Amino acid sequence: MAVSCCPRCGKTGFELKEYKVEGAAHLYTLIQCVWCGAVVGTHEYAHLGKLIYKLARKLGVDLDS
Ligand SMILES: [Zn+2]
């Protein structure tokens, strides 16, 4: 299996970081290299998938079946 590496420094190891984008209404979570800080991905801070599962559970809907 391939090992994921940073496109800038070539090292391996990533971390999540909460980040406020100027002009954005909410926070984002960045996936960044632990060595050089290069950002390799982003996702919503209030992860939409997690919110959908939470809503489905409240409505009694099993999304995994
Ligand atoms: Zn790096």
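Which residue just after α1 takes a positive phi? Gly-60 does, at about 75°. I will come back to that helix after the rest of the chain.

First, the ground rules. This is a predicted model, in which local features need pLDDT of at least 70, side-chain atom pairs count only at pLDDT 80 or more, and totals for chains, interfaces and linings use all residues. Residues are numbered from 1 along each chain as its sequence is written.

The protein has 1 helix and 3 strands, and from the N terminus on the order is β-β-β-α. Helices here are DSSP runs of H or I with at least four residues, strands are runs of E with at least two, and both are numbered from the N terminus. The radius of gyration is 16 Å, well over the 11 Å that the globule rule gives for 65 residues, so the protein is more spread out than a compact globule. That radius is taken over C-alpha atoms, and the rule is 2.2 Å times the number of residues to the power 0.38. Along the principal axes, the C-alpha atoms fill a box of roughly 45 × 40 × 10 Å.

Buried residues make up 5% of the 65. Buried means 20 or more other C-beta atoms within 10 Å of the residue's own, exposed means 12 or fewer, and partly exposed lies in between, with C-beta atoms placed from the backbone.

Now the sheet. It is open, with 3 strands in the order β1-β2-β3 and antiparallel pairing. The edge strands are β1 and β3 (39–44), each pairing on one side only. Two strands count as paired if DSSP finds at least two bridges between them. Strand β2, residues 27–33, pairs with β3 over 5 bridges in the antiparallel sense. Among the bridge partners in β3, His-43 faces Thr-29, and Val-39 is the partner of Gln-32. The β2 and β3 hairpin has 5 residues between the strands, and there Gly-37 takes a positive phi near 85°.

Ala-2 is exposed because it has 4 other C-beta atoms within 10 Å. Ala-2 and Cys-36 are 34 residues apart in sequence and 21 Å apart in space, C-alpha to C-alpha.

Back to α1, residues 48–59. The helix has 12 residues and reaches 16 Å from first C-alpha to last, close to the 16 Å expected at 1.5 Å a residue; the expected span is 1.5 Å times one less than the number of residues. α1 is hardly covered, with a count of 0 buried residues among its 12.
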